[in-house]
Each structure stands twice: as C-alpha cells, then as structure tokens.
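Open the model in your viewer and keep the selection tool at hand. Each stop below says what to select and what is there.

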Amino acid sequence: MPTLETTFAGIKCLNPFWLASAPPTNCGEQIMRAFDAGWGGAVWKTIGEQVTNVSSRYSSIDYNGQKMMGFNNIELISDRPPEVNLREMAEVKRRYPKHVVIASLMVESKRDVWHEMVQRAEDAGADGLELNFGCPHGMSERGMGSAVGQVPEYCEQITGWVKEKARTPVIVKLTPNISDIRMPARAARRAGADALSAINTINSITGIDLETLEPWPNVDGKSSHGGYCGPAVKPIALNMVQQVMSDPMAALPMSGIGGIGSWQDAAEFMLLGAGIVQVCTAVMHYGYRIVEDMGDGLLAWMRRKGYDTIEDFRGLSLPNMRDWKHLNLNYRVVAEIHADKCIGCQLCYTACWDGAHQCIHLDRVEGGMEQPVLGTDPRYAQHEANPHGKPTPAQVFAQSVKTIVTTPIPKLDLDGEGSNSAVTPLRRIPRVDVDECVGCNLCSLVCPVPECITMERVATGETPETWAERVANAESLRA
Amino acid sequence: MSEATNFFSKAGGSAEVAARFADLHPPFEKTAAVIEAQRCLYCFDAPCMGACPTHIDVPKFIKKIASGNLEGSARTILDANILGASCSRACPVQVLCEGACVMHRYNKQPIEIGRLQRFAMDALHASGDPLPFTPGADTGKKVVLIGGGPASLACAAELRRRGVRAVIFDARPLPGGLNTYGIAEYKLPLAESLREIDMLAQLGVEFHFDTMVDAAKLAELEASYDAVFLGMGLGAIHKLGVVGEELEGVTNALDFIAGYKSGAIVKAPAKVAVIGAGNTAIDAANAAVRLGASEVHMVYRRGSRDMSAFGFEYEHAQKEGVRFLWHVTPVKVVGEKKVEALELARFESTEDGSLVPTEGLHILLEVDLVVLAIGQATHAEFVNADASKVRLERGRIVIDRETGQTSNPKIFAGGDCTNGGREVVDAVADGKRAGIGIAVWLEGAASSPTHGDRAVMNGAPGGIAGRGELDADA
C-alpha cells in the first residue's frame with residue numbers, strides 16, 4: 001500500500017500537503033481546523049513587525065465562467081503582533097505534535113533582529129523556518145521580501161545570519177520576479193539553507209474597472225501592483241522549480257508552490273523534484289476540504305503506477321526536460337482527426353488557418369471544396385487561386401451565408417442541418433493535409449472532444465539528431 | 001398617407017388571457033444567459049447559422065452576450081434578421097439552429113440559442129434604444145408591399161436601409177400578419193410582435209391598414225410604384241365540405257387564434273374538436289385547453305406518425321391535455337341551431353397508403369365548438385386577374401429563390417404565398433433576399449446593370465429547393 005508519509009529536509013510529514021504562508025494560516029484556530037481537515041503541515045502567515053493592511057486587498061481573473069483562474073493580493077505579512085502568533089503556534093504544536101508547523105519570518109535586514117526572531121519562533125515550537133524573501137508588494141518597498149530575494153548577495157547574507165542561530169531546518173522562499181531564479185537559489189544554498197520553496201507570487205495588475213478606470217483591488221480609487229497566484233501561474237512555477245532542481249549548484253529539498261489545487265498538480269511538481277507542496281489559492285476558493293481529494297487522488301495514482309512513496313517518483317520527469325538544442329529534430333508527428341469522434345465544430349480548421357499552418361481543409365465532400373477556389377477574397381487577385389490552393393475561411397463562410405435553406409417540413413425534409421443528427425456530416429469533418437502538417441499540436445489543443453484529434457508519430461526514416469549535434473557535425477565537416 | 005405608428009399601445013388583449021398564456025420558454029435571467037452563452041463552443045461556419053434560413057451569425061451574437069456587449073449582440077441578430085425578436089420566440093428551433101448544434105454530438109445538451117436570442121433582443125427593447133440601423137440615402141425610388149406580414153416587413157427593412165421608400169398595404173387594422181395574429185400567445189404575444197414592428201417603423205416604413213388589395217388596386221399601385229412586392233401569405237382555411245358546416249360553433253384555427261390573441265375570444269366552451277394535425281391545429285387545440293375547455297380532441301384521418309406537426313409540438317399538446325382521435329374523419333356536423341356533435345367515420349389505411357372509410361362504424365363526438373385546421377388555400381389568383389402577369393404553380397407565385405423576382409421583372413414576392421406556408425423565419429429570409437433583389441434591380445434599372453451586382457447576389461451555388469408543402473395536411 002502506498003503511503004503519503006514523507007520526510008522533507010529532515011522534517012517528518014504525515015502527508016506532503018502544506019498550507020502556504022497566507023490568509024489560510026493567519027491564526028492558530030484556522031491551522032487547527034486545517035489539520036482536522038487533513039492538511040499535513042502549515043506555514044504560518046509571515047511573522048514580523050506588526051503591519052497595517054489596506055482595504056480592499058484581493059482581485060482576480062475569471063475565465064469563461066470559471067472564477068479565480070488567477071488571483072492577486074496586496075496584503076502584507078501578518079497584521080497580528082508576533083507574540084500573539086507565537087503563543088498560538090505553541091498551542092497548535094502542543095495539540096498537534098505530529099503536524100508540521102513552519103514559521104514564516106520576515107524582519108528588518110539586521111543580523112540581531114533576525115537572530116532574535118529565529119530564537120522566538122523555535123522557542124514556540126516551530127518545526128522549521130521559512131524565510132520570506134519573496135513578497136513582491138509593500139514589504140519590498142521597506143527593503144524586505146522580494147527586495148531581498150531579488151539580490152542574491154542579500155539572500156545569501158540573511159540566510160547565513162539565520163543559519164548561525166537556527167536549530168531547525170531553514171527553508172528559503174524564492175521570488176519569481178527575477179530574470180534567473182537559479183541565482184538566489186544558489187545563494188541560499190551557499191549560505192547553508194536546508195531547503196527551498198518556490199514560487200512566491202508574481203507582480204501583477206489583474207484588471208481595471210472600465211467604468212471608473214480604477215484598477216483592482218481598489219483602495220480609495222487607487223491600486224498597487226500585487227502578487228499573482230492561482231491556477232494561471234502553475235506553468236510558470238513548474239518551470240522555475242525545474243530550473244532550480246536541474247541545477248546542481250541550486251538544487252535542495254524543494255517545496256513546490258504555485259497554482260496547486262489538485263492531486264495532479266501536486267504530482268507534477270513532485271515529478272519535477274518537489275518533496276512537498278504548498279497550497280493557498282485553491283483553499284481560499286474552496287476551503288480546507290480540498291485536501292481530501294488531493295490525498296485520495298494521489299494515492300490512487302501512486303497505486304496505479306506502482307509507487308509506494310513520494311520518493312519513488314520524485315524528480316522522475318526532470319531528465320525529460322532539457323534545453324531545446326537537445327531535442328530530436330527528426331522526430332515528427334502529424335494530426336489525425338478521428339471522424340467517428342468529430343462533432344463538426346471546425347475549431348481546428350479556423351485555428352490551423354489563422355493560428356498555425358493552413359493545412360486543415362474542408363474538402364471531404366466530393367465536388368465540395370476539392371478544386372482550388374478562384375477567389376473573390378480581396379486579399380488575392382481576382383480569379384487567382386490563393387497561395388494555399390484552398391478556400392480561405394472567409395470564402396467558406398461567405399458561401400454558407402449565401403446558401404438558401406428553409407425550415408424542414410416534418411416527415412418530408414430529413415437530414416437537414418437541424419436534424420440533430422448523431423452523425424457528423426462528412427462535409428463538416430475537416431481533413432489534415434499530412435504532408436503540410438508540421439505537428440504543432442494546435443488543432444488537438446482547441447478540439448473540445450477528448451481523443452478526437454491525436455498526434456500520430458510518422459516514421460521519418462532518419463536517425464535522431466539534435467540541433468547541438470547538427471551544429472557539431474557541420475563544424476566537424478568544416479574542420 | 002401613412003398612418004402614425006405606436007402599434008404596441010394598440011395591442012389591447014385581455015389580462016385574463018395573458019395570464020393563461022404565460023411564456024412557454026421563459027426568458028433567461030442575466031446570469032443564466034451568460035453561463036449559457038459561455039457554453040457555446042464558437043464553432044467556425046457554425047451549423048446553427050447554416051440551419052437558420054436568415055443565417056444569423058449565432059456564435060457571434062452569443063459570444064457578445066458572454067462578453068457583455070448586448071448592444072452588439074442585438075445588432076448582429078438584426079443585421080441578418082430584422083424580426084429577430086419574434087423569431088427567437090416563434091421559431092421551431094428544435095429543427096433549426098438548436099437542432100443543428102454540434103452539442104447533440106458532444107454532451108447532448110444543445111445551446112439554448114432561441115432563448116439567448118430573445119435575451120439579446122429583450123435587452124435592446126428594454127434599453128429604449130432605436131434600431132441600430134439608419135435609412136440609406138434617398139434613391140427617389142418607391143416600392144409597394146402587399147401584405148404586412150414577416151416577408152413584407154423584412155423586405156421593407158432592407159429597402160429602407162438602401163434608401164428606397166417602402167409602403168405596406170395590409171387588410172387588417174394592425175401590422176404583422178400571422179406574426180401578430182397567428183402565433184400561439186405562449187410563444188409570441190401579439191404585443192411583442194407590435195413592439196418589434198414599432199422599431200421597424202423607425203426606419204421610415206409606411207403603413208396603410210384596413211386595405212384589401214384586389215386586382216384593380218394592384219394594377220393601380222403597380223402603375224404608381226417602381227416595384228411591387230407580394231407578401232400577402234395564404235388565404236382562408238379549407239372547408240370540410242360536409243353537412244352542417246355552416247352551423248354556429250364551427251370556426252377555423254386562424255380566426256380562433258386571432259380571436260383570442262386580440263381579445264375578442266376570452267373563453268372556450270367545454271368540448272372542442274380541432275380537425276387536422278398540423279402545427280396550427282395544435283396551436284388551436286392548446287389554446288382551447290388554456291381558454292377553459294375541459295375536453296379537447298384533435299381529429300385526424302391518419303395516425304400519429306403521419307401528422308404534419310413537428311414531433312415536439314405533438315408532445316407539447318399531449319402535455320397540455322389534448323386528446324387525439326386517429327384514423328377518423330368528420331362526415332357531418334350535427335346540430336339544430338348550433339353545433340352539438342361531430343359524426344366521425346373511421347378510416348383504414350390500405351397497403352398503397354390510400355384511406356378507405358370503414359362501413360357502418362360511425363362515432364358521435366359531442367362538441368360545442370369545431371375548429372378547422374386542415375390547411376390554407378392559396379390566395380394569389382387575383383394577381384393574375386387581368387392577364388397572366390405573374391407565373392403561378394399550384395396557386396403559388398413562382399420566384400427566383402435568390403432575388404424573389406417573379407416572371408414579371410417589376411414584381412417580386414416571398415413568404416407563404418410563394419412557399420405554400422412555412423415558418424416566420426422563412427418568410428423573413430424570403431423578404432430579405434427580395435429586398436436586396438429589388439434594390440439591386442432598381443439600381444440596374446436606373447443605370448445599366450453590371451455583372452458585378454448579379455455576382456454579389458448570385459454567387460452562391462444552388463441552395464436546397466423548398467418543397468413548400470402546406471403547414472397542415474390538406
């Protein structure tokens with residue numbers, strides 16, 4: 001039977017699901033309820049000198065009816081006095097000794113101030129420390145948060161101060177608002193950090209009220225850039241985690257963060273090297289209860305794949321990520337439209353024509369579109385075929401709106417457009433010109449039907465060759 | 001001269017009837033409309049658009065609902081179909097746009113296109129904004145349109161947008177033809193039809209009411225206008241041709257429906273028989289139920305599989321509580337002063353499909369009201385009273401499908417008088433094509449016709465030829 005129990009940077013974990021340092025971990029009462037719901041750990045909302053927050057604080061991006069695809073906040077670190085947070089932390093650890101409680105810390109960039117805060121957090125019973133070098137708004141203006149994370153030297157120096165004092169593992173939380181995330185990661189490692197967490201939020205403006213022209217979140221008519229997170233940032237986070245974990249000078253135990261809300265998300269971060277994951281936005285959206293399926297689903301997947309522990313699959317996808325120059329140039333796939341699944345929406349057709357390589361055509365009906373069209377498309381000279389030798393989308397559309405159709409008479413007019421047929425008419429099923437198809441995937445991505453458009457490997461008869469090899473071969477030939 | 005318009009205020013009707021004919025398909029609430037709009041896949045060259053006789057760009061107007069651009073959504077609809085509001089309510093969408101939706105092959109839940117279209121049109125009406133079109137620069141040409149139904153209205157709108165005067169003559173006191181007087185009130189209330197025509201009148205369409213156009217009047221109009229559009233629809237409902245048909249208590253579906261819609265009829269007697277099994281027959285039967293009849297029978301000489309109503313209409317009638325008598329035909333209307341019963345003979349289908357009355361098996365059905373709905377006669381013969389001015393076929397005016405032009409170049413036609421009786425949307429499509437056809441023809445008559453103009457209109461390959469059967473099985 002697989003288990004979710006794991007050890008991260010020396011910290012024993014009931015499961016790899018931690019709440020990130022954020023509003024869901026604002027106080028002890030919340031964290032205890034989260035543990036009851038099944039969370040294995042919690043990184044306390046960042047403790048530091050008490051701040052004053054603004055109102056309002058959050059904004060988000062909805063997409064086609066889905067709420068909070070992306071989420072943004074301009075909230076600062078904990079606005080509670082450190083002594084209150086630390087007193088509650090001690091209480092949580094007393095009641096939940098097996099659950100992981102990490103103290104997220106951010107204080108003035110002074111050695112003795114950091115030393116004092118490390119001491120207080122560990123005295124409260126924290127299982128580890130997370131250094132918040134990532135908060136991109138507000139705190140950075142005061143020389144903390146991402147102002148530290150963006151300068152590897154500061155990152156290294158402060159991590160070093162913390163390590164002088166700390167008895168528990170030190171996790172450095174990285175900011176994505178930097179050109180190369182490996183630099184601060186290497187700095188943290190040089191300074192002796194025990195682990196990393198990535199990513200913090202990304203600088204963002206989520207939108208503007210088109211009536212008032214005021215951006216969100218609105219604070220008395222004004223706004224300030226915030227930190228972006230939620231499902232939209234997952235691909236960015238995965239890339240940054242991979243960059244760090246593939247870099248021998250930076251790699252450390254990694255706590256993956258960024259848009260995680262499902263067991264699949266968690267598995268993907270782990271396949272790129274993360275030992276545990278942290279979650280915030282999904283909990284802010286749906287509550288602590290989401291952890292149940294994260295565990296349930298991950299265990300089922302592990303059973304199916306034959307993995308007993310997270311270590312069994314952690315990092316397995318890292319070797320499959322490489323620089324572009326090491327990809328096989330002689331590998332070729334082409335799109336195949338499975339007519340039995342096609343519903344005739346023709347989204348692949350318009351996508352290929354306008355967004356890709358003009359190699360999907362509507363010419364499967366005899367006499368329909370087979371001949372090159374002598375175009376009336378103003379782009380091309382009258383009576384000349386367009387460069388593709390096929391009707392353009394505009395021509396297809398223009399022909400349709402000129403066709404005369406009438407309401408069917410019951411029992412007499414069968415098989416009309418409106419016959420809600422279970423079978424897609426052949427003329428609406430696009431055809432891929434396999435000789436022209438470059439295998440870009442776009443059609444298969446826009447197709448709404450699962451497995452309707454698949455990318456099929458074509459034997460090229462050529463041995464694999466990467467760009468790096470091609471360049472090297474060319475040079476050796478010249479030599 | 002043209003009469004003042006504010007037809008909506010003249011709707012009249014009875015509050016009691018209105019309450020009994022609440023929307024069959026209620027309007028979308030705003031959030032629901034947006035959620036439904038977001039479901040649309042935004043097909044390219046969408047089948048729903050192809051299935052619509054007026055080719056409304058359905059995905060385009062739906063995405064505008066999703067994006068909150070309701071003004072643009074309404075404009076998209078109206079640009080293709082000037083009666084987009086009534087079509088959104090009256091269309092048999094199950095066999096048109098929604099029947100063509102690819103969702104039938106995806107999650108089996110077609111997009112509710114009709115209700116979304118109504119949502120966009122209701123929003124336009126609620127905004128108080130005028131039609132998003134202006135009349136074209138005056139060409140000095142004028143066209144007379146015979147009949148004020150959907151075909152003429154659509155034709156008139158196209159003409160006005162092209163700077164041609166459009167003058168409609170109608171026999172009734174209000175415009176809209178069957179759109180106003182003939183659609184079941186739970187689909188399209190009379191007042192809503194008028195509201196839409198009020199907007200159309202803003203384009204400068206002129207109306208003359210209570211004017212029956214006969215052969216002499218037509219000749220007079222033809223002489224004083226640059227072109228004529230015939231959009232007068234069909235004529236009276238066929239008679240049964242049996243004894244007792246003249247008794248009080250025998251009516252026809254069109255009069256019955258127009259009667260309750262305009263407020264002249266507010267109640268149906270207890271026992272009603274509707275003869276026929278087309279869509280109009282079903283509208284009449286459902287209306288009788290809603291007007292208080294306790295026992296409504298539909299009487300049809302064939303079986304349910306042969307009825308000419310749409311399947312969903314049959315289902316609806318069953319839900320309303322209408323009963324069906326199959327394989328019978330009235331042979332006598334029985335009564336002293338008014339109708340008391342219908343004598344029905346049983347029919348049997350023979351192997352070759354013909355119907356043979358069964359000897360001696362007559363049924364006596366007690367009824368208080370008999371409503372005939374066995375198809376409408378054609379009504380175009382007057383056009384040819386003086387000479388063979390316009391070619392007819394089986395009483396229908398023959399037109400060039402792409403331009404609406406008849407065998408007489410100056411006379412165009414569209415709608416039921418050409419197709420034998422189809423849907424509102426078919427009439428609108430005919431009228432639209434004819435409006436463009438007339439404008440192009442007038443322009444050609446003014447200058448010399450260019451090949452290019454024809455190419456614009458006739459560039460399409462042959463469409464599906466309409467079979468043009470009557471609505472009800474005559």
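## Stop one: a loop in chain A

Select A:Ser109, which is found in the loop between β7 (100-105) and α3 (111-123) of chain A. Helices (H or I, at least four residues) and strands (E, at least two) are DSSP runs, numbered from the N terminus. Before going on, note that this is a predicted model: local features need pLDDT of at least 70, side-chain atom pairs count only at pLDDT 80 or more, and totals for chains, interfaces and linings use all residues. Residues are numbered from 1 along each chain as its sequence is written, while chains are lettered from A and ligands numbered from 1 in the order in which they are written.

(A residue is buried if 20 or more other C-beta atoms lie within 10 Å of its own, exposed if 12 or fewer, and partly exposed in between; C-beta atoms are placed from the backbone.)

Now show what A:Ser109 touches: leaving out residues up to four places away in sequence, these are A:Gly143, A:Met144, A:Val148, A:Tyr154 and A:Ile158. Two residues are in contact if their C-beta atoms, placed from the backbone, lie within 7 Å.

Staying in chain A, select helix α1 (residues 28-37), where A:Gly28, A:Ile31, A:Ala34 and A:Phe35 are buried. These residues cover an arc of only 120 degrees around the axis, so they sit on the same side of α1(A). That arc is taken from the directions from the helix axis to the C-beta atoms. An α-helix has 3.6 residues a turn, so residues three or four places apart point the same way.

Which elements do the buried residues of α1(A) pack against? Select β3 (17-19), β4 (41-47) and α2 (82-95) of chain A to see them. On the face of α1(A) turned away from its buried side, look for the exposed residues A:Glu29 and A:Asp36. Just after α1(A) comes A:Gly38, with a positive phi of about 125 degrees.

## Stop three: a covered helix in chain B

Move to chain B, with its 18 helices and 15 strands. Of its 474 residues, 52% count as buried, and its C-alpha atoms fill a box of roughly 70 × 60 × 45 Å along the principal axes.

Select α14 (residues 279-290) of chain B. How many of the twelve residues of α14(B) are buried? Eleven of them are, so to speak, among them B:Ile282, B:Asp283 and B:Arg290. The elements that cover the buried residues of α14(B) include α13 (253-262), β6 (271-275) and α15 (311-320) of chain B. Just after α14(B), B:Gly292 takes a positive phi of about 105 degrees.

## Stop four: a sheet in chain B

Finish with the open sheet of three strands in chain B, ordered β9-β10-β11, with antiparallel pairing. Its edge strands are β9 (328-335) and β11 (355-366), each pairing on one side only. Two strands pair if DSSP finds at least two bridges between them. Seven bridges join β9(B) to β10 (residues 339-349) of chain B. Select B:Val333 and you will find it opposite B:Leu342 in β10(B).

Key:
Expected span 1.5 Å × (residues − 1).
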